[in-house]
Each structure stands twice: as structure tokens, then as C-alpha cells.
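Welcome, and take a moment to look the model over before reading on.

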Amino acid sequence: VPTVPPRPPLVDAGEFDPSVDLDVARIYDDPPICGRLPSRLSWSPDGSQLAYLRRSTSGKREPGNELWVHELTGQRARPLVRDPEINVSGFAWAGAGKLVYWFDGDLYLLHIDGETRRLTETEQAEGALVVSEDGSRLAYVRGHDVYTMDLATGAETRITSDGTAERSYGGVTWVYGE
């Protein structure tokens, strides 16, 4: 007959750590009582790594996002982008060992084991990033028009040229969100 280990007793309200201030302001404050939680979790194409954003306030007036990766082999997490001046606003895997991330409206290609290469440097921000299945090409929106980029060469191709505030390509407008 299999044995079932006993359950730990339930914690009642009197057993909480009295040093934790549980007033309403503290419950909704930053960092949360449970600590800083990762966001935008994304598995690598081969499933061996998990990338995510982590909030940081080190050296900044406003909290920013750091880009981290957790490697399943060895069970270790390490920062990929942890500069106090860089606030990563999003990222996408571009094949095994490569990520494309957004910072200050531009795109950057990051090889997990080293180098980072700036992909765009424009006045208008890039958005709505899609990476090809093989990780060799990007598609994104800039100024209501769609662009593609070959990651090997950095060559950018403009797909549409008549995008306006009234005619936006590659993204949804407020009407679709409603």
C-alpha cells in the first residue's frame, strides 16, 4: 500500500512575518511583496532556453526592463542586457542562440554568447516585429509601412510605400482594438 506524506499545516493569519507591512499601499507597491516577476516569457526555438524581461530600478529614475535568459541545462539564469541606460521594450527569438530586441525605437540583434549588432537607426520607431521561421529574416512596421530585413546582410526592403495614419499596413488601428 503506497503511503502519502503528511501535508504541512495550513498557515493562519497569526503566523505571518510581522516585519512585512501588509497595508494596502504596500500590497500594490513596486516591487511586489512576492518580488520582481519576469514578463514576456518566450522559449527558444529548440526549447533549451527561456528568455524574459525583468524589471530593474538600478541607476534609473524610472524602472526599466532587463533581458534575461534561463538555460535549462545547468539551471542557470543570466542577464543578456542589463545596462542601466537601456530599457528593453520587447524581444523575439531569431533562431537558436539569437534574439532581436527593441530599445529606444530601434532593433538590435543579440547573439546569446557575445556580440550585439544594431539593425536599425531611424527617427521613426520600428514595431510589430515578426521573425521568419528559420530566423533569417525580419518583417516590421515603421511609419505605417512594412519592411523586411535579411539578418545575414542587414539589407532592408520596403514592402509598402503609401502608409499613412488613415492607411496603416502591418498593424492594427484603434478600431480593431475596440
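## The overall layout

The protein has 2 helices and 12 strands, where helices (H or I, at least four residues) and strands (E, at least two) are DSSP runs, numbered from the N terminus. Read from the N terminus, the order of elements is α-β-β-β-β-β-β-β-β-β-β-β-β-α.

A word on the source: this is a predicted model, in which local features need pLDDT of at least 70 and side-chain atom pairs count only at pLDDT 80 or more, while totals for chains, interfaces and linings use all residues. Residues are numbered from 1 along each chain as its sequence is written, and side-chain values use heavy atoms, with hydrogens and water left out.

## Surface and contacts

Of the 178 residues in the protein, 31% are buried; buried means under 20% relative accessible area, exposed over 50%, and partly exposed in between (1.4 Å probe, protein chains only). The accessible surface comes to about 11900 Å², and 53% of it belongs to carbon and sulfur atoms. These areas come from the Shrake-Rupley method with a 1.4 Å probe, and for residues only the protein chains shown count as cover.

Contact means heavy atoms within 4.5 Å. Among the contacts with a separation of 6 or more, 26% are between residues 24 or more positions apart.

## An open sheet of four strands

Now to a sheet: 4 strands form an open one in the order β1-β2-β3-β4, with antiparallel pairing. Because β1 and β4 (76-81) stand at the edges with a single partner strand each, one side of each is left without a neighbour in the sheet. From one strand to the next, the twist averages 30°; here axes are lines fitted to C-alpha atoms, for helices over the stretch in contact, and angles run from 0 to 180 degrees between N-to-C directions.

Two strands pair if DSSP finds at least two bridges between them. β1 and β2 pair in the antiparallel sense over 3 bridges, and Trp-43 stands opposite Leu-50 in β2. The two strands form a hairpin with 5 residues between them, and Gly-47 in the turn has a positive phi of about 75°.

Which loop holds Ser-44? Ser-44 sits between β1 (39-43) and β2 (49-56). Ser-44 counts as buried because its relative accessibility is 4%.

The side chain of Ser-44 makes a polar contact with the side chain of Asp-46 (2.7 Å). A polar contact is a pair of N or O atoms within 3.5 Å; within protein, one must be able to donate a hydrogen and the other to accept it, and residues adjacent in sequence count only if both atoms are side-chain atoms. A polar atom of the Ser-44 side chain also lies 3.2 Å from the backbone nitrogen of Ser-48. Leaving aside neighbours within four places in sequence, Ser-44 is in contact with Gln-49 and Trp-93.

## Two nonpolar cores

A nonpolar core is a set of buried Ala, Val, Leu, Ile, Met, Phe, Trp, Tyr and Cys residues joined through side-chain atoms within 4.5 Å. The largest has 16 residues, of which Leu-67, Leu-80, Val-88, Phe-91, Leu-99 and Tyr-101 touch the most other members. At least two residues of this core come from each of β2, β3 (64-71), β4, β5 (88-93), β6 (98-103) and β7 (106-111).

A second, separate core of 14 residues includes Val-100, Leu-109, Leu-138 and Met-149. Beyond its neighbours within four places in sequence, Leu-99 has contacts that include Ala-51, Leu-67, Leu-80, Phe-91 and Ile-112.

Is β11 (residues 145-150) mostly covered or uncovered? Strand β11 is mostly covered, with 5 of its 6 residues buried.

On one hand, 6 bridges join β11 to the antiparallel strand β10 (residues 137-142), and Leu-138 stands opposite Met-149 in β11. The hairpin of β10 and β11 has 2 residues between the strands, with Gly-143 in the turn at a positive phi of about 60°. On the other hand, β11 is joined by 3 bridges to the antiparallel strand β12 (residues 156-158), where Thr-157 is the bridge partner of Thr-148. In that hairpin 5 residues lie between the strands, and Gly-154 takes a positive phi near 80°.
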